Amino acid sequence: MESTTGNVDSVFETVIIDEAARANPLDLFIPMAKAERRIILVGDHRQLPHILEEDVERQLNSSNQTTQDALKKSLFERLFKQLQEWEKRDGIKRTVTLDTQYRMHPILGDFVSRTFYEYHGEPPIKAGRPEKEFFHELPGYQDKVAAWINVPLNLGSETKGQSKSRPVEARRIAEELKRLIEHDSRLTFGVIAFYRAQVTELWQQLCKLELAEVTDDGNYQVASAWRETTNHDGKLVERLRIGTVDAFQGKEFDVVFLSVTRSNNIRATPDRPETYRRKYGFLLLENRLCVAMSRQQRLLIAAGDLEMVRAEADRPESERQAIRELIAFYELCKTPHGKVF
């Protein structure tokens, strides 16, 4: 759709809005108001909604649940669910959900489908490409699509402060990334963290290994030798990216590292929800986990304090909903398709 800033009186028979789930509600109303007959919104209500700054999300944690739900849900999600309700009443089809994914290994695709979509009553997402197209020979990960690198609490906890970081975990990720990225020049890598402070810590560790460098204005960037590569399909692509979840929506990489970051001895109990927020923070946000755990094509590696997950995995099924996504991934890592280090 052409820009609405050119002619404020422009009206179109059909308006199509891509990435509609990410749009601020007020920004979404502007192009919607330009439609004469129909509006087509394209997006994924299970992934990131409109952007909220990290400090805003942190302040929301102290709000009541109704306020949190209202601000974290996108207008796209509200409209999607409303249209589904109308469909049930009058039988007129108003929503379409794609049922096939082509990005990732079928085992990983099934994991994402079960954990983030089927769990909410939505239909399964099929794999559009066979397993053989996602083959890799990374040392230590042969025939694996999922892995968890355990970095226990006794090696170093998360730092105190509003935005969390964990230096020992960042160092472990940087070392493993360097080992793997040097093995196959055609593979691409992403490193995702939920906290900006951990992203900074990762950059610092990567600089020590000459995978990254500091620019003249004091920012960080991937070192020139690791910025681009020709992938297995012969295309020139971005080889390495480091950032928060927001920097990865719509992106894909052969291998993705997920920095769990949270590592503490806070006791969380089901009868006190605030204890879960203190213990797990952003790991409780399902839409961020959905994005973070669906960027990979061949291999997803989580690095973090495994006891943070085991503590919840050992609870009865009815009491372990807080981080059920991470528990499901840990259980995948224990199958023949995964590995726990």
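Reader: Hi! Is the crossing of helix 5 and helix 11 left-handed or right-handed?
Author: Hello! In this predicted model, helix 5 and helix 11 cross in a right-handed way.

Reader: Nice. At what angle do helix 5 and helix 11 pack, and how far apart are their axes?
Author: The angle is about 150°, and the axes are 10 Å apart. Angles over 145 degrees count as roughly antiparallel, so helix 5 is roughly antiparallel to helix 11.

Reader: Which residues meet there?
Author: From helix 5 you have I107, L108, F111, T115 and F116, and they meet R324, E325, A328, F329 and L332 of helix 11. By type, the residues of this contact are seven nonpolar, one polar and two charged.

Reader: Okay, another pair. How do helix 6 and helix 7 pack?
Author: Helix 6 covers residues 167-181 and helix 7 covers residues 196-208; they pack at about 50° with axes 9 Å apart. That angle is why helix 6 and helix 7 are oblique to each other.

Reader: And is the crossing of helix 6 and helix 7 left-handed or right-handed?
Author: Helix 6 passes helix 7 in a right-handed crossing. On the helix 6 side, the contact uses P167, E169, A170, R171, I173, A174 and L177, while helix 7 brings Q198, E201, L202, Q205 and L206. Those residues divide into seven nonpolar, two polar and three charged.

Reader: Changing topic: how much space lies in the largest pocket?
Author: About 1400 Å³.

Reader: How many residues line the largest pocket, and which lie nearest its centre?
Author: The lining has 42 residues, with V42, G43, D44, V96 and L98 nearest the centre of the pocket.

Reader: Which elements give two or more residues to that lining?
Author: They are strand 2 (35-41), helix 4 (75-90), strand 3 (100-101) and helix 5 (106-117). Helix 4 gives the largest share, six residues.

Reader: Last one: how do the lining residues divide into nonpolar, polar and charged?
Author: The lining of the largest pocket has 19 nonpolar, 13 polar and ten charged residues.

Note on methods
Residues numbered from 1 in each chain as written. Predicted model: local features only at pLDDT ≥ 70, side-chain atom pairs only at ≥ 80, totals over all residues. Heavy atoms only, no water. 1 Å grid on protein atoms, 1.4 Å probe; cavity = no way out; pocket = protein on both sides within 12 Å on 5 of 7 lines; lining within 4 Å. Points joined across faces, edges and corners; volume = space filled by probe spheres on them. Helix = DSSP H or I, 4+ residues; strand = E, 2+ residues; numbered from the N terminus. Nonpolar A, V, L, I, M, F, W, Y, C, P; charged D, E, K, R; others polar. Axes fitted to C-alpha atoms, helices over the stretch in contact; angles between N-to-C directions. Parallel < 35°, antiparallel > 145°, perpendicular 65-115°, else oblique. Left-handed = near helix turned anticlockwise from the far one by under 90°. Contact = heavy atoms within 4.5 Å.
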